[in-house]
Amino acid sequence: MPGPRRGGRPWLAAILLFGIALRLGWIWAVNTQPISDFLHYHDLAMSLLHQGRYEMPEGLDYIKMDTPYVKTGEHYPTAFRPPGYPFFLMAVYAVYPSVLAAKLANVALDGLWMWAVYTLAAAGGKRAGLLGAGVAAVFPTSVAYSSVLGTETLSAALVMVIAALHVRGFDRRPAGIAALGALMGGLALVKPYFAVMPVLYGALYYLRAREERGAPVTALRHPGAGPRGWLRPWTAGTAWRRAILALVVSGAAAAAVVAPWTVRNALVFHRFIPISTNGDFVLYINNNDANRGWYLDPLQVPNSIFKTDRVLGPDGVYDEAVAMARAKEEGIAWIRAHPLGFIRLGIDRLSVSYFNLAGDVADWSVAPAELRIDRRWVEPLLQGARAAALVVIGGGWVYVLAMGLRRIAGLRLGAAHRVNVLMIAFVTAVIFASEGQPRYLFPIYGFWIAGVAFAAHRAASDKTAEDQG
């Protein structure tokens, strides 16, 4: 698919500049201080920068009180926090070690995010793209997160840029596929559930190649010799061959990015831990008789393993790798014994995420902030954020339903629509199976906005045509 026409570039530039200015204004007016997870990311980045170690001052952040087997304040080896965002922050702090620098980096990431929304929405034409970029520029949740030191802004920018580059055809050569794979590896280091991204990407690549009905996706100048000649049966072959090539190349590039951290974990724990132990922990605390669909302190889990010697290694000291492996076993065992309970909890997780919109803005951006605006503005701003999120998500699901009906009717979906629908469905499924929080929706707001912009522009065009007819 060709990129958006050049005629919209001045308007797009103006929208991007306005969105950036709005975020800079928010950072000034709402001086958010990092707390909870966000403070932990900051501390990890500072530890990496100044000490070269991956640890926090308080030790394990997921254990809030001493037990006979785990002590707060002890610096046990850990791979609990995925390293992508702390390493990103470390790079920012290496330039200027200030929370403000991290917030300004968020603004730059938001610029990429807005461009990516434009690119996906422009599948419906230049005006649809500009509408999508305009909504993204003023979308309150995104603006509010510019002052938050969290994984949300970075992960949203990465996944949207990967999607936009795919839609623009950046990956029609193996080098482009490898570049997207490297971005996928970085994304997985930020949010490990995106480790399956090469598989999703391979499916999208297959659908695009099948749609092109055998047309070559790359013009290799030397088909008879060297790597290019060897690759030609794959780059210009059937849709399945192209998809397999995309899966293998992107997967290999992603694995190459992740591998150094995997090696670090193997050296520290003497176990295979690709990225993080967090996934096993989430499985444990969210699948038990006490959970209600959101985060549960591990010590409040009935018969918590963290209160037993099952979390100790062979040397009699707390071993995170051992503890999380046992936690995973407990979580899986509970799911197998309570399949209906798992489904009920999945519904609860979606409810917590979807029906507490902008609660994350209040909790993480506004509440821990030093305000330079009149506090009487806070509630109207939060209400506006809730309303905007409701419109975007509600309209986005109407768009997803319309795309589903279109496909059932036998009509094809363009590359941008396939990406939008797949990513919305994927992240929703992840929330269903893991944990509910409004901020876990953040990585897919861009896909909803692109879909809503396309649908709104299409409806307006149809109405105009009807009136003129």
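What does S36 count as, by its relative accessibility?

Modeller: S36 counts as partly exposed, because its relative accessibility is 36% and that class lies between buried (under 20% relative accessible area) and exposed (over 50%), computed with a 1.4 Å probe on protein chains only. The model is predicted, with local features needing pLDDT of at least 70 and side-chain atom pairs counting only at pLDDT 80 or more, while totals for chains, interfaces and linings use all residues. Residues are numbered from 1 along each chain as its sequence is written, and side-chain values use heavy atoms, leaving out hydrogens and water.

S36 belongs to helix α2, which covers residues 36-50; a helix here is a DSSP run of H or I with at least four residues, numbered from the N terminus. The phi angle of S36 is near 50 degrees, a positive value in a residue other than glycine. Most residues other than glycine have a negative phi. N303 also has a positive phi, near 55 degrees. N303 is placed in the loop between α12 and α13, and it counts as exposed because its relative accessibility is 76%.

Helix α13 (residues 320-337) has 18 residues and spans 25 Å from its first C-alpha to its last, close to the expected 26 Å, where the expected span is 1.5 Å times one less than the number of residues. At its start, a side-chain oxygen of D319 comes within 3.0 Å of the backbone nitrogen of A321. Among the buried residues of α13 are V322, M324, A327, G331 and W334. The buried residues of this helix pack against α11 (239-269), α12 (278-285) and α14.

Helix α14 has 16 residues and reaches 23 Å between its first and last C-alpha atoms, close to the expected 22 Å. Its buried residues include F342, L345, R349, V352 and S353. S353 lies in this helix, which runs over residues 339-354, and it counts as buried because its relative accessible area is 0%. A polar atom of its side chain is 2.9 Å from the backbone oxygen of R349. Beyond residues up to four places away in sequence, S353 touches I431, G436, Q437, P438 and L441, a contact being heavy atoms within 4.5 Å.

W397, Y399, V400 and M403 of α16 meet H417, N420, V421, I424 and T428 of α17. By class, this contact has six nonpolar, three polar and no charged residues.

F426 is also placed in α17. F426 counts as buried because its relative accessible area is 16%. Leaving aside neighbours within four places in sequence, F426 is in contact with Y193, F194, V196 and L200. F426 and T277 are 149 residues apart in sequence, and their C-alpha atoms are 21 Å apart in space.

How values were computed:
Helix = DSSP H or I, 4+ residues; strand = E, 2+ residues; numbered from the N terminus. Polar contact = N/O pair within 3.5 Å; in protein donor to acceptor, adjacent residues only side chain to side chain. Nonpolar A, V, L, I, M, F, W, Y, C, P; charged D, E, K, R; others polar.
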